[in-house]
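Please read the points alongside the sequence and the coordinates.

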Amino acid sequence: SRVLALLDGLPVMAADAGNVRWQFLPLDNISQVEIIKGASSVVYGSSAVNGIINFRTADATETPQTRFYVESGMYGNPPNPDWKWWDSPRTFSSGSVFHLRRIGHSDLGGSIHLMNDNGYRLRNNEKLGRLNLKFKHRNANIQGLSYGFNVNGGITNKFDFILWDNAETGGLIHDESTAIELNSHFIAFDPFITYRIDEQFKHELKARVQSSQNQFPASAQNDSHAMNVYAEYQFWNKLSDMFTLNTGFTGNNSRIESKFYGDHRSLNLGMFAQLDLEP
């Protein structure tokens with residue numbers, strides 16, 4: 001089954017492995033999560049045959065918002081005392097700061113998130129940094145015209161836990177022969193422009209330029225670099241009190257360079273039209 005993850009209506013699936021980099025989503029500014037079960041809309045294509053999850057970020061209001069948090073803790077001892085391999089406490093900590101405000105006709109927002117997790121399993125630590133920016137401007141001379149961009153990105157360094165050392169004393173010790181260090185980065189730039197006319201017509205053009213890279217210092221044959229460019233145009237028309245029409249086209253171009261996944265290119269173009277009835 002396929003469930004498509006979206007951020008502000010645009011796919012966030014990595015082009016190489018087809019997975020979602022959950023750790024890089026702007027969770028500090030998520031205002032709404034929409035879940036649609038089943039292939040109920042042609043807009044999202046065959047990648048969403050089992051549904052979609054759409055994360056929507058918040059726009060600024062007249063009142064500026066600033067939020068921050070810091071957390072820290074430590075892992076307790078395992079139930080089996082033979083599995084405790086550490087002498088000093090295993091700790092984790094994270095913190096973030098977020099700000100969103102309106103200046104004139106423009107919305108400005110941004111957040112920074114940092115995390116360091118030593119892990120309770122040997123050779124299973126992680127460090128992460130995430131940056132998110134949001135800009136939206138409503139044109140003062142042309143009513144209904146707005147445009148802007150979003151930027152989401154981050155870097156991470158971690159060791160994945162694959163296989164334990166042994167069942168007696170190594171239940172929380174990573175088998176050194178399978179310990180793999182991963183350095184990863186992700187960045188997405190999302191420009192958009194919207195023109196709405198009298199709550200009856202809406203033109204919307206949005207795009208996402210997304211780059212992701214995985215580097216394994218001790219296992220270069222697993223490295224991968226993926227570049228993806230996605231663009232979408234939608235035209236919405238309220239035909240009457242009961243009928244609305246949504247139509248447009250999409251383009252998706254990907255380039256993957258990887259010995260693990262194989263080097264390949266792809267280009268997908270599509271058109272869609274959907275008529276909705278609201279009795």
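1. The second largest cavity of this predicted model is lined by Leu7, Val12, Val20, Arg21, Phe24, Leu25, Pro26, Asn152, Phe186, Ala188, Arg208 and Gln210. The space in this second largest cavity is about 80 Å³. Its lining comprises eight nonpolar, two polar and two charged residues. Strand E10 and strand E11 (201–215) each contribute at least two residues to that lining.

2. Phe24 and Phe186, which are both among the lining residues of the second largest cavity, deserve a point of their own. There are nine aromatic pairs in the structure. In one of them, Phe24 and Phe186 are stacked, with 5.7 Å centre to centre and 5° between the planes. Phe24 belongs to the loop between strand E2 (10–11) and strand E3 (30–37), and Phe186 to strand E10 (residues 180–197), so this pair ties together parts that are 162 residues apart in sequence. Phe24 counts as buried because its relative accessibility is 2%; Phe186, at 8%, likewise counts as buried.

3. The ring centres of Phe149 and Phe189 are 5.7 Å apart and the planes stand at 35°, so the pair is tilted. Phe149 is partly exposed, at 30% relative accessible area, and Phe189 is partly exposed at 38% relative accessibility.

4. Two further ring contacts may be noted. Tyr75, Phe92 and Tyr120 are linked into a cluster by ring pairs. Arg196 lies over the face of Trp236, 6.0 Å from the ring centre.

5. How many cavities of 30 Å³ or more does a search of the whole structure find? The search finds two.

6. The lining of the largest cavity divides into five nonpolar, eight polar and two charged residues, whereas that of the second largest cavity has eight nonpolar, two polar and two charged. Strand E6 (91–103), strand E7 (106–117), strand E8 (126–138) and strand E9 each supply at least two residues of the lining of the largest cavity.

Methods. Residues numbered from 1 in each chain as written. Predicted model: local features only at pLDDT ≥ 70, side-chain atom pairs only at ≥ 80, totals over all residues. Heavy atoms only, no water. Phe/Tyr/Trp six-rings, centres within 6.5 Å; stacked < 30°, edge-to-face > 60°. Helix = DSSP H or I, 4+ residues; strand = E, 2+ residues; numbered from the N terminus. Buried < 20%, exposed > 50% of the residue type's maximum accessible area, 1.4 Å probe, protein only. Lys NZ or Arg CZ within 6 Å of the ring centre and 35° of its normal. 1 Å grid on protein atoms, 1.4 Å probe; cavity = no way out; pocket = protein on both sides within 12 Å on 5 of 7 lines; lining within 4 Å. Points joined across faces, edges and corners; volume = space filled by probe spheres on them. Nonpolar A, V, L, I, M, F, W, Y, C, P; charged D, E, K, R; others polar.
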